[in-house]
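Please look over the sequence and the structure below before reading on. The paragraphs that follow lead you through the model step by step.

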Amino acid sequence: MTTNRELTYLDYNASAPLREESLLALQEAYKAAGNASSIHSSGRRARAIIEDARHKIADLVDGNPANIIFTSGASEANVTALSPTWLKNGEPYILTQVFVSAIEHPSVVAGGRFAAQNVQSIPVDEEGRVIVGELSNMLDALGENETVLISVMAANSETGVLQPLQEIGVLVEDKGHIFHVDAVQMAGKEPISMAMIGCNSMSISSHKIGGPQGVGALILGKGDFRPIPLLTGGGQESWRRAGTENTAGIAGFAVAAAQSTDPDEHARILRLRNHMEERVKQISPDAIIFGKDVARLGNTTCFAVEGISAETALINFDLFGVAVSSGSACSSGKVGASHVLLAMGVPESLARGAIRVSLGWATTEDDVERFLGAWTKIYKRMKPTQKG
């Protein structure tokens, strides 16, 4: 056990440590007074910070800077997008239902602003990928004049599994519906292009890539479509989201966006992740790594061992000075069977033991070795005695 050494932090999918460069950008922006809606020099300086940030963040996802709506985070961005009423060329465009994949983030699974009876779940296969054929069948079953919103995440926060977004985008466009992508986990970890996906909107978050917490963005995509605002009142963000912009947070977000696209850094993290998984299997041959046979984020490992409780394992990891998780950090802090793994058909007894390890920009080889050392002790201590 440890009480003295620095914590080994391996929970980047929950929140990445703040990058030093983002902290400096925050501090500089906080020093300057000014509301970005004011016309005096201080206001214009704040406005310039925000407009420069739009370009950096648009570059992160191959989007249009003019289509970025800054929000308080990705949950707000998702709820904004999941609206029964969008505007098409300025006129109301009514959506009767929302289809969300079974492995979405809680802010999407809840259906946003749609009534509960108008939320349908899109099934996934045993690897956690949307079954596009099933989605097609759901769309074909709609009434002749019925238009819906489809929301599918780019990469799952628990398993790291990537979704067939381009295939879904073509299907949705062909059938004339609206497509939203929650790209919170993928942006800054893998290349992503709104243009290639062909989605109508995308949500991203600052604190997942080393920027400050409390700021995110909804980015509008193809066509003259946009959801009606969630927050109304002032004319900020071109009347698409009321409220004074978080200028300092946006400045830090932009710096993190610019720094998170380094392919060499992505490759380094992938090597660490692969080494870690190899050693996990050596230490615990009965460990199941979820999604290992399909495309995943290079920073994410989700595994379980039958008979080992995630709750007890996490307590032990914490005592060893290692921070990991059992899945999404947005589920009231409770350790239970992951809805993601259950949707994949994983038995509940195994799903309750899932441990997620997520690496990031400051992760070192020593961090991985400390995790492996802790897991070796935990596995030996907790693994039920084999019979035979």
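**A walk through the predicted model**

Helix α3 (residues 74-81) is mostly covered, since six of its eight residues are buried; here buried means under 20% relative accessible area, exposed means over 50%, and partly exposed lies in between, with a 1.4 Å probe and protein chains only. The buried residues of α3 are A74, E76, A77, N78, T80 and A81. Helices (H or I, at least four residues) and strands (E, at least two) are DSSP runs, numbered from the N terminus.

This is a predicted model, in which local features need pLDDT of at least 70 and side-chain atom pairs count only at pLDDT 80 or more, while totals for chains, interfaces and linings use all residues. Residues are numbered from 1 along each chain as its sequence is written, and side-chain values use heavy atoms, with hydrogens and water left out.

The chain is divided into domain 1 (8-17 + 263-382) and domain 2 (20-260), with bounds that come from an automatic or database domain assignment. The C-alpha centres of domain 1 and domain 2 lie 27 Å apart, and 31 residues of domain 1 are in contact with 31 residues of domain 2, where contact means heavy atoms within 4.5 Å.

Strand β5 (residues 97-101) and strand β7 (residues 148-153) run parallel and are joined by four bridges, and F99 has I150 as its bridge partner in β7.

Not counting residues up to four places away in sequence, Q120 touches Q97, V98, F99, V100 and M138. The side chains of Q120 and Q97 make a polar contact of 2.5 Å, a term for a pair of N or O atoms within 3.5 Å; within protein, one must be able to donate a hydrogen and the other to accept it, and residues adjacent in sequence count only if both atoms are side-chain atoms.

Which residues touch the most other members of the largest nonpolar core? Of its 62 residues, they are I150, F179, M202 and I204; a nonpolar core is a set of buried Ala, Val, Leu, Ile, Met, Phe, Trp, Tyr and Cys residues joined through side-chain atoms within 4.5 Å. Helix α2 (residues 41-61) gives the largest share of this core, seven residues, and the core draws at least three residues from each of domain 1 and domain 2. A second, separate core of 28 residues includes L314, V324, V368 and M382.

Notes. Pairing = 2+ DSSP bridges.
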